[in-house]
Amino acid sequence: MAETIVEVQHLRKEFNGTVAVADVSFTVQRGEIVGVLGPNGAGKTTTIQVLLGLTSATSGSVTVFGQDLKKHRVEILQRCNFSSAYTGLPSNLKVRENLLIFSKIYQVKSYREKIETVLKLFEIDHLRDKITGHLSSGESTRVNLCKALLNDPELLMLDEPTASLDPDIADKVRKLLRRIQREKGMTMVYTSHNMRDVEEVCDRVLFLHKGRIIAEGTPQQVTQKFRQKSLEDVFIRVARSGDLLGETSE
Amino acid sequence: MNGHRIAALVLRYTYLYTRSVPRVLEMFFWPVMDLLVWGFVSVYLQRVSHQVPSAVTFLLGSMIFWDILYRAQQAVTISFLEDIWARNLLNIFVSPIRVGEFIAATYVVGFVKILITVAVLAVLALALYQWNLFVMGFSLVPLFINLLLMGWAVGMVTTALIMRWGQSAEALAWGIPFLIQPVAAVFYPLSVLPRWVHPISLAIPATHVFEGMRQVLRGEGLSVEHLVWAFSLNIVYLVVAAAFFRYMFDVARDKGLLAKLGTQ
């Protein structure tokens with residue numbers, strides 16, 4: 001029986017009375033890649049922020065590795081990592097220095113070897129002595145991903161990891177993430193507006209709309225559920241008439 | 001508290017300074033400018049009036065001491081801002097770093113920066129005005145520590161305000177210490193201030209440090225009373241500042257402001 005890594009029960013989050021997440025419950029099993037999808041304002045970013053401990057839940061519970069996130073935040077985060085196209089690493093430090101700092105923060109053993117391994121994995125070992133601020137956005141994104149893999153996280157959270165990558169590198173990154181998941185059994189929670197990413201990478205998707213999960217299943221199941229040809233079509237229909245679909249698609 | 005994580009953050013800020021000439025220059029530019037201006041003002045006062053024979057001593061001492069307080073506050077606040085500017089704050093707060101470890105790292109960085117800055121100012125004061133900071137002897141240590149503690153407390157409050165109100169509150173990083181300056185008897189003795197201001201002034205640890213410094217420079221030795229007041233007030237303010245920081249951190253987390261700050 002698969003081990004539950006993330007368990008979210010009746011998560012609700014309000015910001016000054018505005019409901020960002022109304023009632024969301026889901027689980028993520030070890031080794032799964034789960035995509036959290038939805039139009040802008042659906043509540044996916046807030047959900048991820050709660051999972052990362054960046055935002056506190058108004059009500060509901062979040063357990064990761066069987067531990068309450070509120071009480072065991074540090075222990076949980078030691079076993080997780082995160083990468084986003086919207087965050088950066090200090091721009092005037094060399095790539096190697098940035099990775100060294102995060103290796104030490106995550107207390108990575110044999111960190112020099114690990115840094116070399118992740119740089120080679122993303123084919124950017126030639127950038128190790130470059131100043132991070134001098135990199136292209138695609139290179140920076142890959143350095144961010146290197147940072148995210150330094151501690152061999154059991155749970156990796158990725159926020160639009162391919163957003164600034166060209167199609168060739170995006171394809172390589174998607175394949176690489178699948179390979180890492182296969183080889184290491186890494187669990188991933190993945191958000192993206194790129195439905196091709198999601199179809200290719202995710203085992204299962206959670207479709208959010210107005211703070212609730214309106215569909216859940218493999219990308220194919222969700223596509224069939226909404227009688228559409230692709231996830232992108234589902235996305236567009238949900239974005240334009242989500243309420244109706246949520247009620248009639250069952 | 002985990003020493004490895006604190007050391008990692010200290011390393012991050014050390015790299016930052018070794019990579020950036022403007023940042024290194026900034027460490028010295030304003031303190032040296034202040035030293036030059038106040039030093040020459042003091043020399044002038046000494047020449048035109050025999051009633052202020054210790055002007056050089058007092059003003060230079062005050063200027064250097066003020067810089068210790070100011071730099072200690074800045075180290076905490078600017079370190080936080082550096083992570084906002086680099087869009088690295090999110091990476092820090094989703095890592096296993098505890099808030100206390102983050103603050104501790106900024107203390108360490110500030111302490112080292114202040115030691116370097118004070119060393120340079122001490123050498124310049126000796127070379128330009130023949131004034132030796134170390135004439136204060138062992139009294140320098142408790143006075144220095146108290147300024148550091150107060151700087152850290154003010155730094156925590158300033159950082160908490162920036163965390164709550166975002167980059168629009170950035171100006172506080174530079175402005176808040178100057179709210180205290182007029183009533184903290186920095187460049188003039190407490191007796192110069194109106195009587196009704198005295199209770200406010202005496203509630204500020206720095207007032208006791210600056211009064212104590214003037215006592216030492218007059219050759220009267222360091223008053224235990226000032227020292228006890230300074231330490232006691234600093235302990236209270238540090239506890240209050242830490243609680244305020246924690247409260248603001250929780251508010252920022254509740255309102256989703258940490259994520260916003262991290263991606264601005």
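A crossover between two strands is right-handed if, with the strands pointing away from the viewer, the path from the first strand over the helix to the second runs clockwise. In the predicted model described here, this arrangement is found in chain A, where strand β7 (residues 155-159), helix α6 (residues 167-184) and strand β8 form a right-handed β-α-β unit.

Strand β8 of chain A spans residues 187-191, and because 5 of its 5 residues are buried, the strand is largely enclosed by the rest of the structure. In a regular strand the side chains alternate between the two faces of the sheet. For β8(A) both faces are covered, with A:Thr187, A:Val189 and A:Thr191 buried on one side and A:Met188 and A:Tyr190 buried on the other. The pairing of β8(A) with β7(A) is parallel and comprises 5 bridges, and within it A:Val189 is the bridge partner of A:Met157. Strand β3 (residues 33-37) of chain A is likewise paired with β8(A) in the parallel sense, over 4 bridges, and here A:Met188 of β8(A) stands opposite A:Ile33.

Strand β3(A) also runs parallel to β9(A), to which it is joined by 4 bridges, and A:Gly35 is found opposite A:Val205 of β9(A). Strand β9 of chain A covers residues 204-209, and since 5 of its 6 residues are buried, it is largely enclosed by the rest of the structure. In contrast to the parallel pairing with β3(A), the pairing of β9(A) with strand β10 (residues 212-217) of chain A is antiparallel, over 5 bridges, and places A:Leu206 opposite A:Glu216 in β10(A). The hairpin made by β9(A) and β10(A) has 2 residues between the strands, and in this hairpin A:Lys210 adopts a positive phi near 50°.

The largest nonpolar core contains 148 residues, and A:Met157, A:Phe207 and B:Leu147 are the members with the most contacts inside it. Helix α3 (residues 55-85) of chain B makes the greatest contribution to this core, at 14 residues, while domain 1 and domain 2 of chain A each supply at least three residues. When residues up to four places away in sequence are left out, A:Phe207 touches A:Leu37, A:Gly38, A:Ile213, A:Ile214, A:Ala215, A:Glu216, A:Val222 and A:Val238.

Chain A is assigned two domains, domain 1 (12-79 + 155-250) and domain 2 (91-152), whose C-alpha centres are separated by 26 Å. Their contact involves 10 residues from domain 1 and 8 residues from domain 2 of chain A. On the side of domain 1 that touches domain 2, the largest share, 4 residues, is provided by α6(A), the helix that also takes part in the β-α-β unit with β7(A) and β8(A). By class, this side of domain 1 of chain A consists of 6 nonpolar, 2 polar and 2 charged residues.

Between the chains, the contact brings together 29 residues of chain B and 26 residues of chain A. On the side of chain B that touches chain A, the elements contributing two or more residues are α1 (3-19), α4 (89-93), α10 (224-254) and α11 (257-263) of chain B. Of these residues, the largest share, 9, comes from α1(B), and the side of chain B that touches chain A comprises 13 nonpolar, 8 polar and 8 charged residues.

Two individual positions were also examined. A:Glu199 is located in helix α7 (residues 195-201) of chain A and, because it has 19 C-beta neighbours inside 10 Å, counts as partly exposed; a residue is classed as buried if 20 or more other C-beta atoms lie within this distance. Residues up to four places away in sequence being excluded, A:Glu199 touches A:Pro219 and A:Leu231. The C-alpha atoms of A:Glu199 and A:Arg73, which are 126 residues apart in sequence, are 31 Å apart in space. B:Gly100 belongs to helix α5 (residues 99-129) of chain B and, because it has 14 C-beta neighbours inside 10 Å, is likewise counted as partly exposed. Although 142 residues separate B:Gly100 from B:Ala242 in sequence, the C-alpha to C-alpha distance between them is 9.0 Å.

How values were computed:
Residues are numbered from 1 along each chain as its sequence is written. Chains are lettered from A and ligands numbered from 1 in the order in which they are written. This is a predicted model: local features need pLDDT of at least 70, side-chain atom pairs count only at pLDDT 80 or more; totals for chains, interfaces and linings use all residues. A residue is buried if 20 or more other C-beta atoms lie within 10 Å of its own, exposed if 12 or fewer, and partly exposed in between; C-beta atoms are placed from the backbone. Two strands pair if DSSP finds at least two bridges between them. A nonpolar core is a set of buried Ala, Val, Leu, Ile, Met, Phe, Trp, Tyr and Cys residues joined through C-beta atoms within 7 Å. Domain bounds come from an automatic or database domain assignment. Two residues are in contact if their C-beta atoms, placed from the backbone, lie within 7 Å. Ala, Val, Leu, Ile, Met, Phe, Trp, Tyr, Cys and Pro count as nonpolar, Asp, Glu, Lys and Arg as charged, and the others, Gly among them, as polar.
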